[in-house]
Amino acid sequence: MKAKELINAINSGSYDESLKAVYVTDEAVRKQKPRYVEAINSFAELFGAEREISIISAPGRTEVCGNHTDHNNGKVLAAAINLDAIAIVSKNEERIIRVKSKGHRMNVVDLCDLEPKEEKYGDSTSLVQGVAAGIKNLGYEVAGFDAFTTSDVMGGSGLSSSAAFEVLLGSILNYMYNGGKISAVDIAKVAQYSENVFFGKPCGLLDQMASSVGTFVTIDFKSTSEPIIKKVAFDFSKSGHSLCIVDTGGNHSDLTDDYAAVREEMESVAKALGKNVLREIDKDDFMKAIPELTGKVNDRALLRAMHFYNENIRVDNAVNSLESGDFEGFKSIILDSGFSSYMLNQNVYTPKNPTEQKISLALALSAELLKGKGAWRVHGGGFAGTVQAFVPNDMLDTYKNTLESVFGEGTCHVLIIRPVGGYQVI
């Protein structure tokens, strides 16, 4: 369908069911339509109004449970959200991929050159190149396309805007040239491969997997080469709750050492016991070894190791609660996870600046408002940034208004757990 025809069809409601499959509610669909129309017009201006176009979407993700466990081969529970990256896309016959993202320069990739180059590390064009190379390496078809993309996944929010973009690229090639036959798991692995090998960033697989698979997904990283991935069957729209991500602000510029210390301290415990990562050691053996570990590793390392072991158990329990429809039990587990991150993992503020505790303040306000009714925890890496809260729908306005009165208008993002991952909408 061409641009003008597609715009008319969207505005007339012809694609409401297709949009609802992605965005869940009628209100969300209504809000998406102007965004889709704007993106179609932008594509037409760039590449021509007479092209046959499709629309592909890939979501951001939220970490639900499993805070700072993946780097020691632990377990995580994540979920796709209704914020996403979308692409207006059309095939071309040139063996060239052109991707123009809103607010960014055009990325151009020649499909005859799909080798990684160190001098291109950190360049978004290398992400496009890497996804094409990864799909080709799997034996699938790779060919040219032109795309305009736009994303409402906030950068720096812990919602993985980069993973959404990578999965979007893989989903374009999947649906445009491979009939949707490439599995969501393979799309995620290709996205990780692109970021690791072509972009030069040593990321894990969590973000890409949650974006690609959709809904709730749990991942066991006991084997990092072959993680165990399971889609969790739970309809969040029937829970009576909304998911809120609150951006508390704070300075992210000097937190690299804080993030690294979490992993390094957990691994220091493992190495003191003759292993590389904590997952290689049984929890009971660790607990028995604490007397001999005292003095060999620092005290915070021991606390963070305790967090790791108990967080893995919580992930399993959270999955079981969702699968059995026990949302109250699920919320209790999320509260325990948040408390453990606060007390044991200690990633709610940086010790470099102990008087700045915006995450702590957001958690304290959440506790005052939601105690006995909702759940709240630090979100993602921590030290600065966002908190996550599961808020009963009848308390949503009060929660949002209270948190935004402290952290600023627009800082409380009300989200939906999205039922699909990378997806051809139209």
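Biologist: Which helix gives the most to the lining of the largest pocket?

Modeller: In this predicted model, that helix is α8, with five residues. Other elements take part as well: β1 (54-65), α5 (161-177), α6 (184-198) and α7 (206-213), like α8 (256-272), each supply at least two residues of the lining.

Biologist: How much space lies in the largest pocket, and which residues are the closest to its centre?

Modeller: The space amounts to about 1,500 Å³. The lining comprises 43 residues, and Asp70, Lys201, Cys203, Gly204 and Asp207 are the closest to the centre. By class, the lining divides into 23 polar, 13 nonpolar and seven charged residues.

Biologist: At what angle do α12 and α13 pack, and are they roughly parallel or antiparallel?

Modeller: Helix α12 (residues 358-370) and helix α13 (residues 396-407) pack at about 150°, and their axes lie 11 Å apart. Because angles over 145 degrees count as roughly antiparallel, α12 is roughly antiparallel to α13. Their crossing is right-handed.

Biologist: Which residues make this contact?

Modeller: From α12 come Lys358, Leu361, Ala362, Leu365, Ser366, Leu369 and Leu370, while α13 contributes Thr398, Tyr399, Thr402, Leu403, Val406 and Phe407. By class, these are nine nonpolar, three polar and one charged.

Note on methods: Residues are numbered from 1 along each chain as its sequence is written. This is a predicted model: local features need pLDDT of at least 70, side-chain atom pairs count only at pLDDT 80 or more; totals for chains, interfaces and linings use all residues. Side-chain values use heavy atoms; hydrogens and water are left out. Axes are lines fitted to C-alpha atoms, for helices over the stretch in contact, and angles run from 0 to 180 degrees between N-to-C directions. Helices (H or I, at least four residues) and strands (E, at least two) are DSSP runs, numbered from the N terminus. Angles under 35 degrees count as roughly parallel, over 145 as roughly antiparallel, 65 to 115 as roughly perpendicular and the rest as oblique. A crossing is left-handed if the near helix is turned anticlockwise from the far one by less than a right angle, and right-handed if clockwise. Contact means heavy atoms within 4.5 Å. Ala, Val, Leu, Ile, Met, Phe, Trp, Tyr, Cys and Pro count as nonpolar, Asp, Glu, Lys and Arg as charged, and the others, Gly among them, as polar. On a 1 Å grid over the protein atoms alone, a cavity is a set of points where a 1.4 Å probe fits but cannot get out, and a pocket is an open set with protein on both sides within 12 Å along at least five of seven lines; lining residues have an atom within 4 Å of a point. Grid points are joined across faces, edges and corners, and a volume is the space filled by probe spheres set on the points.
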